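Colleague: I'd like a close look at one part of this model, not a tour of the whole thing. Could you pick out a charged residue and walk me through its surroundings?

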Amino acid sequence: MQDYWPYIVIIIAGWLATDLWRWLGVLAGNRLQEGSEALNWVRAVATALVMAVTSKLVVFPTGTLEASPLWLRLAAAGLGFAAFLLAGQRVLVGVAVPLAILGAGLLWL
């Protein structure tokens, strides 16, 4: 049992750090109305966080993309976003177009 103690602590600490807050979010979220200011704020913060991570991955990539030129990554992201909007905000188009542009650009270079 002595050998398993660190794993037990990690499991309990991991549960407390994540699952407890998820349940509190569910309980608080059930009381929010769909058009409330609090929910609009939560959506805005969540969108900002996703865009911050996406921007970081485009501008400061790691791995294979690190060798690709910045202009190609920015062009793929910009044209992919434009295609997403033109296609009626279809997520598949917003993912496939920049991947195709980036892949073709990497093969061409």
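Modeller: Let's take Arg73. Setting aside neighbours within four places in sequence, Arg73 is in contact with Val58, Val59, Pro61, Leu65, Glu66, Ser68 and Leu102. Bear in mind that this is a predicted model. Arg73 itself sits in helix H3.

What about charge pairing? Arg73 is buried yet has no salt bridge. The nearest side chain of opposite charge belongs to Glu66, and that is 8.5 Å away. With a salt bridge needing a nitrogen and a carboxyl oxygen within 4 Å, Glu66 doesn't qualify as a partner at 8.5 Å.

What the Arg73 side chain does have is backbone oxygens. A polar atom of that side chain lies 2.6 Å from the backbone oxygen of Val58, and one lies 2.5 Å from the backbone oxygen of Ser68.

Ser68 deserves a look of its own. You'll find Ser68 in the loop between helix H2 (37-59) and helix H3 (70-86). Its relative accessibility is 6%, so Ser68 counts as buried, the cut-off being under 20%. The side chain of Ser68 reaches the backbone oxygen of Leu65 at 2.6 Å, and Leu65 is also among the contacts of Arg73. Beyond its neighbours within four places in sequence, Ser68 is in contact with Arg73 and Leu106.

In H4, Pro98, Leu102 and Gly105 are buried. They span an arc of only 65° around the axis, so they are on the same side of H4. H3 is part of what covers the buried residues of H4. The face of H4 turned away from that buried side carries the exposed residues Leu92, Leu99, Leu107 and Trp108.

Arg43 is partly exposed, with a relative accessible area of 39%, while Glu34 counts as exposed at 58%. Arg73, by contrast, is buried, with the backbone oxygens of Val58 and Ser68 beside its side chain.

Key
Residues are numbered from 1 along each chain as its sequence is written. This is a predicted model: local features need pLDDT of at least 70, side-chain atom pairs count only at pLDDT 80 or more; totals for chains, interfaces and linings use all residues. Side-chain values use heavy atoms; hydrogens and water are left out. Helices (H or I, at least four residues) and strands (E, at least two) are DSSP runs, numbered from the N terminus. Buried means under 20% relative accessible area, exposed over 50%, partly exposed in between (1.4 Å probe, protein chains only). A polar contact is a pair of N or O atoms within 3.5 Å; within protein, one must be able to donate a hydrogen and the other to accept it, and residues adjacent in sequence count only if both atoms are side-chain atoms. Contact means heavy atoms within 4.5 Å. The arc is that of the directions from the helix axis to the C-beta atoms. Lys and Arg count as positive and Asp and Glu as negative; His and the chain ends are not counted.
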